[in-house]
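Subject: A structure for you to look through

Hello,

Here is the structure I promised to hand over. Please open it first, then read my notes beside it.

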Amino acid sequence: MPIFSTYDGTELAYRLVGEGEPLICLPGGPMRAARYFGDLGGLSRVRQLVLLDLRGTGDSAVPQDPSTYRIDRLVDDVEALRAHLGIERADVLGHSAAGELAALYAARHPQRLRSLTLVTPGTGVLGLPATPQDRREAAELRAGEPWYAEARAALEEIQAGRATPEAWAGIRPFTYGRWDAAAQAHAAESPAQRNALAGSLYYPESGLDRGSTVAALRELQVPVLVLAGEYDGGPSPDRAAELAALFPQAEFAVQRGAGHFPWLDDPGAFVRTVAAFLDPGVSSVQTGGIRLAYRTWGDPSAPPVVLAHGRGGSSLDWTDIAEQLAARHRVYALDFRGHGLSDWPGRYSFEFFRDDLHAFLEARNLSGATVVGHSMGGVAALLLAERHPALVGALVVEDAPVLLPLDPPRPPAERPTGELGYDWQVVPSIDAQLNAPDPSARESLGEITAPALVVGGSRSHLDQEQLAWMAGQIPAGQFSSVDAGHLVHADNPKAFLAALRSFGVG
C-alpha cells in the first residue's frame, strides 16, 4: 500500500483501485478506514480510485497530536495527498462525514479542485444539520420491512438521549436500501474499521468559520454533484438539495431505493450517475424524476439537431455523424431512459421514450429543432411530432418500424450473457408493443406538420415498402432509400449524410 508523509510528518496510506484518471475518495464514519468503499460499485472501471485512509484509520499512522483529527485540520492531509500524486487539479469524492471534509477542502483550495462529488454527505458543518424529524420520516419509509419495529425502537432510544452501542447497531438497517446478507456483512465490519476516539474529535465544538466557508462555496466555479439516497435520513433528499443549492454549478440527484451507501444498494445506478458527472463530455438533465444523460458537439449558437438512438444503443452511436453535422449545427445526442448513462427505472415503452424526447427538448429550450431518430428513437420522434407538432422543426426517421402488428409475432427474447449497456427489460417491453402496437400511432401520421424525411436501409430487415408508405402519410414527408442495413448511419454514413444534406440538414 502506498505511503506518503503529510504536513506534520504523519505517514498516511492509500490504495489505488482501477484504471483511468485518479479520483480522490475520502471516507466517512467519521474516521472509518477506506476499505468499506470496495470498488464503489464498479466505478473503478472508469476511474482510478485513490482510497485514502485518514490519519489514525486503516493503515495510516496515528498522529502525535490528537487535535489533528479535527475536520478542518484534515483538509491539509487532503491537499498533501493531491500534491503527492502530482495532480494539478483534483477530482474529489467525499462520502457521509467526509462530504463535509471535501466541502471544506473545496472552500480552502478551490484552485486545486476540478470537480466535487458529495455522496450522501454530512451537512451540519455547513449549517444544514439533519434533524430528528428527517430521520423519523426516512425511517417511516421502511415501515413495511420485517425488521422495522425493532429498528424504530432503537431509533427512538437514540433520539431520547439513551444512545447505547446496542441502539446504534439496531438502526443499521435504516442505512441500507436492502438489509440483505451483503449489507449486514458491510455493517458488521464498521466497528473494527472506525477509530472511535478520532471520530469523537472530528467535529470541534468551536473554531470552524461556517460563514466564510459557505461564502466560498457559493463562489466555487467547479462542477459539483450532490447524490442523495431516497431512504437516507442523514442527509434526507430535502437536506441534500439544500446543500446543492449552495453551489453555483451543482447537479443534484436522488438514487431510488438507496440508503446511505448507494453503491451497495444499486451499483449500476450509482456508477451511471457518477460516471456521467465525471465525464466532461457528458451532461445531464432531470425530467420527471428521470436523469437523462446527453452529449453535445458544435457551436452552441448554431441551429440545433437532436439525435435519438435505437433500442440497446446510446448517444455514443452517433459520434461520427455528430462530428460531421457539428460543422454547421449544435448537435445533441441523448441516452434514453434504460440506456447508457441515463437512469434505468425499469419501465419502458415507446410513449415513455417519446416523453423523454419531449422533456429533453423543453429542458434544453430546443423547440423547433431538427430531430433525427433511429429505429426505436425514430418511433419516439414520430410520436412526439404527432402529439406536439410545433415542437419539432424538421424530422428525420431512420429505418423505424411502422407499428403494424408483426406477423408472426416475435417470440420471447433470451437475454445475452454478460454485462449490457442497457436495461434488458427494454427488450420484452418494446417487443410486446411491436407485436400488438397501438393503431393510433400510424393513424396519426397525417397530423405531423414538420417536413419529414424517412430514410430506409435497402438491406434492412424492415419492409421498405412500409417505410415508403409511412413517408407518404406525412403531409410533408419524403422517402429515401440507402444501400445499408438497419443501422443506416453506421453502415453507410456517407450516403446517410448525403440524404440529410439533400433534406437541408448538414
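Is Asn 365 buried or exposed? Asn 365 counts as exposed, at 69% relative accessibility. Here buried means under 20% relative accessible area, exposed means over 50%, and partly exposed is in between, using a 1.4 Å probe and protein chains only.

Before the rest, some ground rules. This is a predicted model, in which local features need pLDDT of at least 70, side-chain atom pairs count only at pLDDT 80 or more, and totals for chains, interfaces and linings use all residues. Residues are numbered from 1 along each chain as its sequence is written, and side-chain values use heavy atoms, with hydrogens and water left out.

Asn 365 sits in the loop between α14 (350–363) and β13 (369–374). Helices (H or I, at least four residues) and strands (E, at least two) are DSSP runs, numbered from the N terminus. Asn 365 has a positive phi of about 55 degrees, although it is not a glycine. Thr 120 is not a glycine either, and its phi is positive, at about 35 degrees. Most residues other than glycine have a negative phi, and most peptide bonds are trans. Thr 120 lies in the loop between β6 (113–119) and α3. Thr 120 is buried, with a relative accessible area of 1%.

Now the cis peptide bonds. The bond from Gly 29 to Pro 30 is cis, with omega near -5 degrees. Pro 30 is in the loop between β3 (22–26) and β4 (48–52). The bond from Gly 234 to Pro 235 is also cis, with omega near 10 degrees. Look for Pro 235 in the loop between β7 (224–229) and α10 (237–244).

Start with Arg 82, in helix α1 (residues 71–85). Its relative accessible area is 8%, so Arg 82 is buried. The side chain of Arg 82 makes a polar contact with the side chain of Glu 79, at 2.8 Å. A polar contact is a pair of N or O atoms within 3.5 Å; within protein, one must be able to donate a hydrogen and the other to accept it, and residues adjacent in sequence count only if both atoms are side-chain atoms. Leaving aside neighbours within four places in sequence, Arg 82 is in contact with residues including Ile 24, Tyr 105 and Arg 112. Contact means heavy atoms within 4.5 Å.

Next is Asp 134, in helix α3 (residues 132–140). Asp 134 is buried, with a relative accessible area of 7%. Beyond its neighbours within four places in sequence, Asp 134 is in contact with Pro 129, Gly 233, Ser 236 and Arg 239.

Arg 142 is buried, at 1% relative accessible area. A polar atom of its side chain lies 2.9 Å from the backbone oxygen of Tyr 176.

**How helices pack**

What is the angle between α3 and α4? They pack at about 175 degrees, with their axes 11 Å apart. Axes are lines fitted to C-alpha atoms, for helices over the stretch in contact, and angles run from 0 to 180 degrees between N-to-C directions. So α3 is roughly antiparallel to α4. Angles under 35 degrees count as roughly parallel, over 145 as roughly antiparallel, 65 to 115 as roughly perpendicular and the rest as oblique. The residues in contact include Arg 135 and Ala 139 of α3, and Tyr 148 and Leu 155 of α4. By class, this contact has four nonpolar, one polar and four charged residues. Ala, Val, Leu, Ile, Met, Phe, Trp, Tyr, Cys and Pro count as nonpolar, Asp, Glu, Lys and Arg as charged, and the others, Gly among them, as polar.

Helix α2 (residues 97–108) and helix α9 (residues 210–218) come within 8 Å, axis to axis, and cross at roughly 75 degrees. That makes α2 roughly perpendicular to α9. Among the residues in contact are Ala 103 and Leu 104 of α2, and Thr 213 and Leu 217 of α9. The contact of α2 with α9 has six nonpolar, one polar and no charged residues.

Finally, helix α6 (residues 181–188). Ala 183, His 186 and Ala 187 of α6 are buried. On the other side of α6, Ala 181 and Ala 188 are exposed. The buried residues of α6 pack against α7 (190–193) and α11 (262–265).

Best wishes
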